[in-house]
Amino acid sequence: MKKNKIMARANQFGENSRQIDIIHYRSEIEKDRWDVRKLGIPYNKTTATYFLSFEKIDFPFRNLLKRYVRERLLTYDSITFATANHDVIGLTPFLRFIVIKHPEWINFNQLSRNDIEEYINYIRKQPMGGFSTQSGNVMTDESIWRYISTLENFLVFIQRYEWTEAPHKPIRNLIYQEDRPKIKTKDINDYKYLSDYVWEQVIQKIDTLNSNYRLLILLMEATGLRANELLTLKFDAVVKGKDGYWIKKEKKGKSSLLIPLNNEDLVRTIMLHQQLIQDLFPGKLNPENLMFLTLEGKSKGRPILRVNLYRNLQKFAERCSIKDREGKVYTFNCTEFRHRFGVNLAKKGLSVQEIHSLIDNVTPLMAVNYCKIAEKEGVNLNSDKGENDVPSDEIIINTFNNKVNAYYIQEAWTKALERRESDPEGAITLARTLLESVCKYILDQEGICYDDKLEMQQLYKAVQSVLNLSPDNQHESIFRQILGGCTSVVIGIGALRNKLSDAHGRSHYTPAPTVRHAQLAVNLAGTMASFLLSTWEEMCDKH
């Protein structure tokens, strides 16, 4: 995790402090098991995870962990309750390891690189926990990656804010970038999506399902929304426009996402369902104005739990003999409806950018994968591709997803692609932002301090020094020439941004940038950013 990114921004989440129940808060945090309902802060009501337990944490560090979670969750308001739960689970093995190895420790002042190496070996030998199909298996690389990342967040935080329990050594000297396993990029064959073969069986038997779950399944397939997004959908989420009905998905700090509802029968079913909910749970009986509530039983009137949705779906598959092509009862998972939605968009001929805008992932990588799956199934997408699709886009998307775990870099590239045609000025600004972010990312990873106000040319010079990319250091004249050209590209993008982008006011005589200017800036910035990240990763591998 990057120093500049971790918790520097207070109120990164920003909802806990607004809703906290101050009357119960103080007494609740003294306990070793916090009830989120008494804290009063927001939580995911579709999971029934109400408690944050410190009971398995050994006493030398229990209060320290409680303080850490309290600071991030409530004081800085920078994480959600779910993240706090993951942090406690992710730090428990480390604290247990330290108690075993150093039973006399009451802080981490003497924590060494050797301790970290032994801990990583320790977690590699631990079996997977939980109740999933992975439980009891050997620890996966993804899980090891999360454990190391959670530990680094914790140590950086307590050192940054000068807690007396913090390690004396800088965290960059304790945890190295290469400690995290390299996560294998998923192949398109690794994505399970609901095929037409299975969906046709579902449609034939869907009338046997409870009406609540029936509508949820139809909406998951028609909109690509995640289960928890649908289960927390508000009544006003269905809106009527000039050209039909839409589902409106609210996004924190961003404009709403509109997903078209093209099926008139589905729209009528939604209207009937809304009327039913209004009749059964008028006014205060539905305080959060949810579209979906449990219709019967002990939980009547409460939000539907995600586990109940999938439990009913699996029972439906068994009862109605919904089978895969091998003749086995089909096992549903939580993402395949969303994947089906994306693949269907690709089959209809939508471009990568159009698909990305509808599925609303952080990066366009999934949209690229959906197109690949559609092509694998024999759909010819070439004739439907627009002028905006550039082969190098996919290569750079893969680079950012495989080498970078920094959201802001992926977001800058995604936005640059989206604006390349529609907003040339904004795209040029984002091209510079992308390069600047990548340079700072590499410097942060290497623990090199820099002035946050440095010009692009100065930032790039610092990165050149780290990666040994200065033309003067090259023995071969051709490499001196190429790397000199790279320097010119970086300087040129900075100058283009100052001259033609929307970052500054423009005089009457300044020419407006065209699409070709934006294409040039974005494509060059993406190529340079990809090259810098690949060079840095190769350097890390050698060390």
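**Backbone, cores and side-chain pairs of the predicted model**

Ala48 sits in the loop that runs between α3 (36–39) and β2 (51–53). Helices (H or I, at least four residues) and strands (E, at least two) are DSSP runs, numbered from the N terminus. The model is predicted: local features need pLDDT of at least 70, side-chain atom pairs count only at pLDDT 80 or more, and totals for chains, interfaces and linings use all residues. Residues are numbered from 1 along each chain as its sequence is written, and side-chain values use heavy atoms, with hydrogens and water left out.

Ala48 has a phi near 60 degrees, a positive value in a residue other than glycine. Its relative accessibility is 29%, so Ala48 counts as partly exposed. The classes are buried (under 20% relative accessible area), exposed (over 50%) and partly exposed (in between), with a 1.4 Å probe and protein chains only. Asn468 also has a phi near 60 degrees, positive although the residue is not glycine. This residue lies in the loop between α19 and α20. Asn468 is partly exposed because its relative accessible area is 45%.

Helix α19 spans residues 456–467 and contains Gln464. Gln464 is buried, since its relative accessibility is 8%. Residues up to four places away in sequence aside, Gln464 touches Leu469, Ser470, Pro471 and Thr487. Contact here means heavy atoms within 4.5 Å. Helix α20 covers residues 477–500 and includes Ile478. Ile478 is partly exposed, because its relative accessibility is 44%. Together with Phe479 and Ile482, Ile478 makes a nonpolar surface patch of about 290 Å². Patches take residues with over 30% relative accessible area and no salt bridge; like charges are joined within 9 Å, and nonpolar side chains (Val, Leu, Ile, Met, Phe, Trp, Tyr) within 5 Å. Accessible areas come from the Shrake-Rupley method with a 1.4 Å probe; for residues, only the protein chains shown count as cover.

The protein as a whole has 21 helices and 5 strands. Of its 543 residues, 46% are buried. Its accessible surface is about 28,100 Å², and carbon and sulfur atoms hold 50% of that. Among contacts between residues at least 6 apart in sequence, 62% join residues at least 24 apart.

The largest nonpolar core holds 55 residues. A core is a set of buried Ala, Val, Leu, Ile, Met, Phe, Trp, Tyr and Cys residues joined through side-chain atoms within 4.5 Å. Val202, Ile322 and Phe332 have the most contacts inside this core. Leaving out residues up to four places away in sequence, Phe332 touches Leu194, Val202, Leu313, Gln314, Ala317, Ile322 and Phe337. A second, separate core has 50 residues, including Tyr25, Ala84, Ile158 and Trp163.

The whole structure contains 19 aromatic pairs. Rings of Phe, Tyr and Trp (its six-membered ring) pair if their centres lie within 6.5 Å; planes under 30 degrees apart count as stacked, over 60 as edge-to-face and the rest as tilted. The ring centres of Tyr76 and Tyr161 are 5.0 Å apart and their planes are at 35 degrees, so this pair is tilted. Tyr76 is in the loop between α4 (59–75) and α5 (81–101), and Tyr161 is in the loop between α7 (141–160) and α8 (196–205), so the pair ties together parts 85 residues apart in sequence. Tyr161 is partly exposed, with a relative accessible area of 27%. Both tyrosines belong to a cluster linked by ring pairs, which also includes Phe61, Tyr68, Phe94 and Trp163.

The search for salt bridges finds 24. A salt bridge is a side-chain nitrogen of Lys or Arg within 4 Å of a carboxyl oxygen of Asp or Glu. Asp87 pairs with Arg72, with the closest N and O atoms 3.4 Å apart. Asp87 is in helix α5 and Arg72 in helix α4, 15 residues apart. Asp87 is buried at 7% relative accessibility, and Arg72 is buried at 5%.

Arg180 forms a salt bridge with Glu152, with 2.2 Å between the closest N and O atoms. Arg180 is in the loop between α7 and α8 and Glu152 is in helix α7, so the pair ties together parts 28 residues apart in sequence. Arg180 is buried, with a relative accessible area of 7%. Glu152 is buried at 9%.

Glu250 and Lys248 meet in a salt bridge of 3.6 Å, N to O. Glu250 is exposed, with a relative accessible area of 55%. Lys248 is partly exposed at 22%. Salt bridges that share partners join Arg226, Glu229, Lys249 and Asp360 into one network.
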